Amino acid sequence: MTSETVFTYGAPQLKFGSGAADEIGFDLAQFGARRVLVVTDAGIAATGGPRRIADAMKAYGIEAAVFDGVRVEPTDASMREAVEHARETGPYDAYVAVGGGSSIDTAKAVNLLTTNEGDLAEYLNPPVGAGRAPERPLLPLVAVPTTTGTGAESTTVCVLDVLDLRVKTGISHPRLRPALAVVDPELTMSQPPGVTASAGMDILCHALESYTARPYDRYERKRPEERVPYCGANPVSDMWAEKSLSLLSRSFRRAVADGEDREARTDMALAATFAGLGFGNAGVHIPHANAYPIAGQVRDFRPDGYPDGEALVPHGMSVSLTAPEAFRFTFEARPERHVRAAELLDPRMDRPDDPAEHLPLAVLRLMRDIGIPDGIGGVGYGEGDVPALVEGAMKQRRLLAISPRPVDEEAVAGILTRSLRLW
């Protein structure tokens, strides 16, 4: 095997800071936009923020409509509804996503399917879909996150539940990356503690998984046309992950405890941005692969701080529930990385006798402090559910390939079983 010698790095334009959202009309005018669709969910729309952003565009001669039908944790059905709305009310020159990862990912799908032919299912990652690549360029997408976690404003991926298969999967292509990320910490101030905790665990796992990922130079050399956005851990993604972990160490617990702590909220917004810039190029691995079936097969769990009604395991929560056991499993592949990550995350923690326990214990301490459930059993799963969860996780081939240690069904089953209870 000829080892890889090239890594790639991509990122959207970035505008960060208090008041950044007030400048979106100007930014869209630079793209030549004259008619824009703002994509959001009903909860965010109720705050008035998306309408204020849309109305402010008038000063720059831009007509903006608001679609507030995004489903929290989107499905193939909800994304098709959004696409159909955009087709019926369009055409548009650009899209603006205001909300969490659900709104941003839905806007990515809308952008893809209003500029390219084909059905949503054709673009889903294999083996769930055909992995079709877009043939035409997409329109400018401005991503405006109102939660601090998903990193969707920086990535080339959109994630959704496929209802018939009861599995979560995604679409991945460089053209899905937003043209501009507008990160305004003021928009995150209304996040409830439960949302802050769950979304923040997504930041943490983005940073930890990209930092411990299989290094880019341990893959077989690719031809130019074979290169993918997730290329493995590399010096640039490492830098972002380390900085994100340091910010989380300082401010995660504070942001959950006091949502009005502006310094903590700003740190969390920066941490999410940095982690997104890192994992959006390095990739994520086992915790995220496990998270897809954990969220997709939920029965009756209803978390605090999220919309009432349907059962839901929020994405960040689902990622975190197997993270401690996943990092115990991957430790032997990159011991020094795991120890360094633990030191960054919890610098005041006493070093355990067994270095393999350092990172899992640091993550567990944080999870307990911020109210994350006690393992997958805490969200309603039992030992009898493990085989179905393994089947769903093994479908995430793109993610499992990024693990620093080879992963098979037995390994995933062990991680899930040991994650039924974490403390």
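In the UniProt record, an unreviewed entry, residues 13-185 carry the feature "domain: Alcohol dehydrogenase iron-type/glycerol dehydrogenase GldA". UniProt positions follow the numbering used here, feature names are shortened, and annotations may be inferred rather than shown by experiment. The model is predicted: local features need pLDDT of at least 70, side-chain atom pairs count only at pLDDT 80 or more, and totals for chains, interfaces and linings use all residues. Residues are numbered from 1 along each chain as its sequence is written, and side-chain values use heavy atoms, with hydrogens and water left out.

Over residues 13-185 the chain is 30% helix and 27% strand, with its end C-alpha atoms 17 Å apart. Helices (H or I, at least four residues) and strands (E, at least two) are DSSP runs, numbered from the N terminus. Over residues 232-419 the chain is 62% helix and 0% strand, and the end C-alpha atoms lie 26 Å apart.

Glu73, in the loop between strand E3 (63-70) and H4, has a phi near 60°, a positive value in a residue other than glycine.

The division of the chain may now be considered. The domain assignment, which comes from an automatic or database source, gives domain 1 (19-183) and domain 2 (193-419). Their centres, taken over C-alpha atoms, are separated by 24 Å. Contact, meaning heavy atoms within 4.5 Å, involves 26 residues from domain 1 and 34 residues from domain 2.

How much area is buried between domain 1 and domain 2? The value is about 2,400 Å², of which carbon and sulfur atoms give 58%. Buried area is the accessible area (1.4 Å probe) that two parts lose on being put together, summed over both. In domain 1, the residues that lose the most area to domain 2 are Thr148, Arg166 and Lys168, together 26% of what that side buries.

On the side of domain 1 that touches domain 2, strand E6 (157-162) and strand E7 (167-172) are the elements that give two or more residues. The largest share, four residues, comes from E7.

Salt bridges complete the account. A salt bridge is a side-chain nitrogen of Lys or Arg within 4 Å of a carboxyl oxygen of Asp or Glu. The whole structure has 31 salt bridges. In one of them, the side chains of Arg227 and Glu4 meet at 2.8 Å, N to O. This pair links distant parts of the chain, 223 residues apart: Arg227 is in the loop between helix H7 (193-211) and helix H8 (235-257), and Glu4 is in the segment before strand E1 (13-16).
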